[in-house]
Amino acid sequence: MLNEERIILMTQMASYEENEGKKNVEIGNYFRSDYIAIQVLKSALSATIAFGIVFALFIFYDFENFMQDIYKMDLLDFARSVLIYYGVTVVIYSSLAYVICSYRYAKAKRSLKCYYHNLKKLNAMYNERQ
Amino acid sequence: MTGLLELREKIKLIYSKNEVFIIPIAKFLLAFIVFNTINGQLGYMTKLDNIAIVLIVSLMCSFLPTGCILLLSVVFTMLHMYALSLEVAVVGLCVYLVMFLLFFRFSPKDSLVVVLTPLLCIFKVPYIIPVVMGLIGTPVAAVSVGCGVIVYYLLNVVAGSASTIGTMGEEEATAKIRMIVDGILDNKAMLVMVVAFAITVIVVYLIRRMSVDYSWTIAMVAGAIIDLVILLVGDLLYDTNISVINAILGSIAAVAAAKVIEFFRFCVDYSRTEKVQFEDDEYYYYVKAVPKMTVAVQTKTVKRINTQRKPAAAGGRNTAGTGGRSSTRSVVTEHTSVARGEGAYQRQRGQSSYGRKGEHANGGRSLTINGNMTEDNIEDFDDL
């Protein structure tokens with residue numbers, strides 16, 4: 001005999017697993033610190049590559065003048081200012097990533113809590129039958 | 001209103017029945033329009049500006065994930081830029097990479113928005129996107145909308161500078177890069193548009209989440225007005241040459257589009273709002289429940305009345321009192337129904353698609369068979 005309530009619950013859970021739950025389950029596999037650390041590292045890497053691209057574009061933008069001035073300018077001072085810009089970019093972007101990932105982790109955990117509750121309920125239904 | 005609600009239910013039914021075909025067709029049409037528009041706007045690579053290629057790529061997009069439309073659009077624009085000049089393609093690639101690395105990685109699901117925003121900008125109705133995304137999306141959609149606006153202005157700058165770049169020689173590589181970079185960075189209209197759209201998305205989202213009556217309507221009107229005001233203030237400050245008439249008409253179109261979406265996504269009856277209050281050991285709860293407006297689609301009932309003649313006894317012998325034949329009348333009633341419920345409006349139940357006890361769900365049809373079942377009736381049942 002089919003148990004209607006159980007089928008409804010299982011369908012809801014399957015739908016959750018297929019759609020929004022997929023990502024949440026993936027997030028839920030990590031500890032909070034691990035998940036945030038990985039995401040912040042990825043963000044720092046992205047910011048580094050993006051800064052490299054923008055810096056290269058900046059150099060090519062005024063390449064002739066840059067090549068003329070390269071022997072006159074204080075290279076150490078130039079490198080220091082570039083590093084400061086780089087540091088500021090990475091720190092701001094990583095902080096933003098930290099805030100977003102913390103929010104996403106908390107949201108995923110809340111959602112998974114409901115999912116695990118449904119799992120328990122399903123288990124209880126099977127036990128009841130036995 | 002009841003007629004509209006019935007129409008909505010019918011549209012939903014048609015969509016759910018034919019989802020397998022509708023989604024690929026929609027993807028194909030969108031991809032076809034997008035690639036054709038790119039070819040129309042840029043079109044520097046003549047080999048790519050070919051209807052056969054557009055059709056093949058659009059067909060590919062119809063069964064690939066939605067993100068592929070964005071990816072192939074980027075490839076199309078990059079190839080056109082490369083045909084114009086290598087330096088332009090390098091700048092284009094840098095802009096796409098920076099957008100992908102810094103912004104788009106936080107909202108990869110909104111790839112459709114990044115495609116639709118420049119498309120609607122070209123069709124002069126970009127004001128729809130921020131209002132609609134504020135209603136159906138999250139504040140993160142502001143990033144995708146912003147990226148879409150930047151893509152539009154990148155294509156605009158490339159198309160605008162194409163004739164000048166075409167006359168430049170290969171030795172003027174830095175001048176070409178400078179021209180495109182200046183065209184993007186000094187573009188105040190782009191800046192104003194990005195700010196206006198981002199603020200609109202966030203404002204619409206915040207208002208529609210508020211617990212006030214008609215929050216969606218308030219949100220869409222407020223969003224359209226804020227968008228318009230920021231664009232006009234930006235025009236006054238930076239002389240962005242935004243067409244005021246176009247902006248007003250676009251905002252009206254945005255509200256109209258948002259109203260249609262509201263009808264499908266958030267059609268509620270505020271006159272039947274219920275406010276309840278209760279408590280448990282830890283909290284007091286103040287709950288406001290607003291019922292959704294739904295209507296039962298008209299139920300079609302087909303009655304089949306079969307009169308059969310069957311021999312009462314073997315060998316052609318008659319049974320006394322039957323007049324030689326027993327006549328059995330059986331009725332097969334077929335109900336074709338989608339939503340169940342009495343009255344014009346009913347609360348939509350979370351599990352309305354599941355059948356009730358004793359009913360046999362059969363592809364959206366339920367069958368009721370009377371007790372006087374004959375062989376022919378059983379065949380009818382099997383056919384159904």
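## A tour of chains A and B

In chain B, among contacts between residues at least 6 apart in sequence, 73% join residues at least 24 apart, where two residues are in contact if their C-beta atoms, placed from the backbone, lie within 7 Å. This is a predicted model, in which local features need pLDDT of at least 70 and side-chain atom pairs count only at pLDDT 80 or more, while totals for chains, interfaces and linings use all residues. Residues are numbered from 1 along each chain as its sequence is written, and chains are lettered from A and ligands numbered from 1 in the order in which they are written.

**Chain B as a whole**

Select chain B and colour it by secondary structure: there are 13 helices and six strands, these being DSSP runs numbered from the N terminus, with helices (H or I) of at least four residues and strands (E) of at least two. Of the 384 residues of chain B, 28% count as buried; a residue is buried if 20 or more other C-beta atoms lie within 10 Å of its own, exposed if 12 or fewer, and partly exposed in between, with C-beta atoms placed from the backbone.

**Helix α4 of chain B**

Next select residues 67-84 of chain B, which form helix α4(B). At 1.5 Å a residue its 18 residues should span 26 Å, and the end C-alpha atoms are 26 Å apart, which agrees; the expected span is 1.5 Å times one less than the number of residues. Show the side chains of I69(B), L70(B), L72(B), S73(B), F76(B), T77(B), H80(B), M81(B) and L84(B), which are the buried residues of α4(B).

Helix α5(B) (residues 86-103) and helix α8(B) (residues 141-167) pack at an angle of about 175°, with their axes 11 Å apart; axes are lines fitted to C-alpha atoms, for helices over the stretch in contact, and angles run from 0 to 180 degrees between N-to-C directions. The two helices are therefore roughly antiparallel to each other, a label given to angles over 145 degrees, whereas those under 35 count as roughly parallel, 65 to 115 as roughly perpendicular and the rest as oblique.

Which residues of α5(B) meet α8(B)? They are V88(B), G92(B), V95(B), M99(B) and F103(B), and on the α8(B) side they meet V143(B), C147(B), I150(B), L154(B), V158(B) and I165(B). An α-helix has 3.6 residues a turn, so residues three or four places apart point the same way.

**Where chain B meets chain A**

Now show both chains: 14 residues of chain B are in contact with 15 residues of chain A. On the side of chain B that touches chain A, the elements that give two or more residues are α5(B) and α9(B) (173-185), and the largest share, five residues, comes from α5(B). By class, this side of chain B has nine nonpolar, two polar and three charged residues.

**A loop with two positive phi values**

Move along chain B to the loop between α11 (215-238) and α12 (244-265), where D239(B) is found. Although D239(B) is not a glycine, its phi is positive, at about 55°, and with 10 C-beta neighbours inside 10 Å it counts as exposed. N241(B) is found in the loop between α11 and α12 of chain B, and its phi is near 60°, a positive value in a residue other than glycine. With 8 C-beta neighbours inside 10 Å, N241(B) counts as exposed.

**Chain A**

Finally, select chain A, which has five helices and zero strands and follows the pattern α-α-α-α-α along the sequence. Its radius of gyration is 26 Å, well over the 14 Å that the globule rule gives for 130 residues, so chain A is more spread out than a compact globule; the radius is taken over C-alpha atoms, and the rule is 2.2 Å times the number of residues to the power 0.38. The C-alpha trace of chain A spans about 85 × 25 × 15 Å along its principal axes, and 9% of its 130 residues count as buried.

R32(A), in helix α3(A) (residues 32-61), is partly exposed, with 13 other C-beta atoms within 10 Å, and its C-alpha atom is separated by 40 Å from that of I59(A), 27 residues apart along the chain. I92(A), in helix α5(A) (residues 75-129), counts as exposed with 11 C-beta neighbours inside 10 Å; I92(A) and S43(A) are 49 residues apart in sequence and 10 Å apart in space, C-alpha to C-alpha.

Methods:
Ala, Val, Leu, Ile, Met, Phe, Trp, Tyr, Cys and Pro count as nonpolar, Asp, Glu, Lys and Arg as charged, and the others, Gly among them, as polar.
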